[in-house]
Amino acid sequence: MNVWPSILGIIGGFVLLLLGGEGLVRAAVSIAARLKVSAIVIGLTVVAAGTSAPELLTSFLAAFKGIDDISVGNVIGSNIFNLLVILGISALVRPFLIKQQDFKWDVVFLLTSTFFFFVFLFTHREISRLEGGLFLLALSAYFLVSVGLAKKGHRSEIAGELQEEIKTLRFVWQDILFLVGGSLFLIYGAQLVLSNSLVLGRFFGISERILGLTVVSVGTGLPELATSFVASLRGQSHLAAANVVGSNIINTLGVIG
C-alpha cells in the first residue's frame, strides 16, 4: 500500500484547517467590530472560539461517525499541545509578563472543568448527553462572567492589546466571503485529516486513541499556535496566554459538550 497519498492528504487537511480558522476569525472579528461589540468581548469569545473551530469540527465528525477515541483523544491531545508546545514556543520567542489577577479566574475555571471532565470520563467511561449539556451551560457561564469582569475593568491590559488587533474588513462582502470560505475550509480540512489519519493508522497498526492524541490534535492545534506565536512576536503576551487558556476551556467544555 502506498501511504504517501494519505500523508499528503493529512498535510493538505492541516493547511485547510489553518486557513479556515484564520478566515473564520477574521470574518467574525470584523463582523463583531461592525456591530460595535467591545474589544474584550471579541477576544474572549470570537477569537478563542475561532481558533478552536478545527477541534470542534474534527471531533464532531469523529463522534458522528462513532469514532469516539479520536473525538476525545483530539481534545486531550490538543489541550496538552496548547499548554506545553504553544506556551513553550511563545515563551521562547518572548518571555511572558503577566499579572496573576488577569488570569486567576480563567486558570481556576480551566482546572475545575478539566477535573470534572476526567471524573465523568473515568467513573463510567463515557460522557452522557446530560453531562454534555452541563458542560455547555458551564461554558456559557464562563463567557458571561468573563464579559462581566471585562466591563468592570479587570481586563484592561488584555483589552488594550486586543484593540490593536481588531480591524474590520473593507467591504461587507469580504466578511461573508471569509466566513463562508473559512467554514468550508474547516469542514473539508477536518474530513481530510480524519479519513486519511484512519487509513494511515490502519496501515501502521496505530490505534484511533493514539491518532487522536498525536497526529490529529497537533493539526487541529495549528490555529492556536499561529495566533499565539504572532502575538508573542508583537510583545502581546496577554493575547498569547489568553488564546491558550480560552481555547483549552472551549475544547474541554464546548467540543466535548
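What follows is a set of questions on terms and the values behind them.

Modeller: This is a predicted model, in which local features need pLDDT of at least 70 and side-chain atom pairs count only at pLDDT 80 or more, while totals for chains, interfaces and linings use all residues. Residues are numbered from 1 along each chain as its sequence is written, and side-chain values use heavy atoms, with hydrogens and water left out.

Biologist: How many helices and strands does the protein have?

Modeller: There are 11 helices and zero strands. Both are DSSP runs numbered from the N terminus: helices are H or I with at least four residues, strands E with at least two.

Biologist: Why is Val-15 called partly exposed?

Modeller: Buried means under 20% relative accessible area, exposed over 50%, and partly exposed in between (1.4 Å probe, protein chains only). Val-15 has 44%, so the residue is partly exposed. Val-15 lies in helix 1. In helix 3, buried residues include Ala-53, Pro-54 and Glu-55. Of the 257 residues in the protein, 47% are buried.

Biologist: What makes the nonpolar surface patch that includes Val-15?

Modeller: Patch residues have over 30% relative accessible area and no salt bridge; nonpolar side chains (Val, Leu, Ile, Met, Phe, Trp, Tyr) are joined within 5 Å, like charges within 9 Å. A salt bridge is a side-chain nitrogen of Lys or Arg within 4 Å of a carboxyl oxygen of Asp or Glu. This patch covers about 1100 Å², and among its members are Trp-4, Val-15 and Phe-185. Helix 8 gives the most, with seven residues.

Biologist: Why is the pair of Phe-171 and Trp-173 called stacked?

Modeller: The structure holds 12 aromatic pairs. Rings of Phe, Tyr and Trp (its six-membered ring) pair if their centres lie within 6.5 Å; planes under 30 degrees apart count as stacked, over 60 as edge-to-face and the rest as tilted. For Phe-171 and Trp-173 the centres are 6.0 Å apart and the planes at 10 degrees, so the pair is stacked. Phe-171, at 37% relative accessibility, is partly exposed, and Trp-173, at 52%, is exposed.

How values were computed
Areas by Shrake-Rupley, 256 points an atom, 1.4 Å probe, with all protein chains shown as cover.
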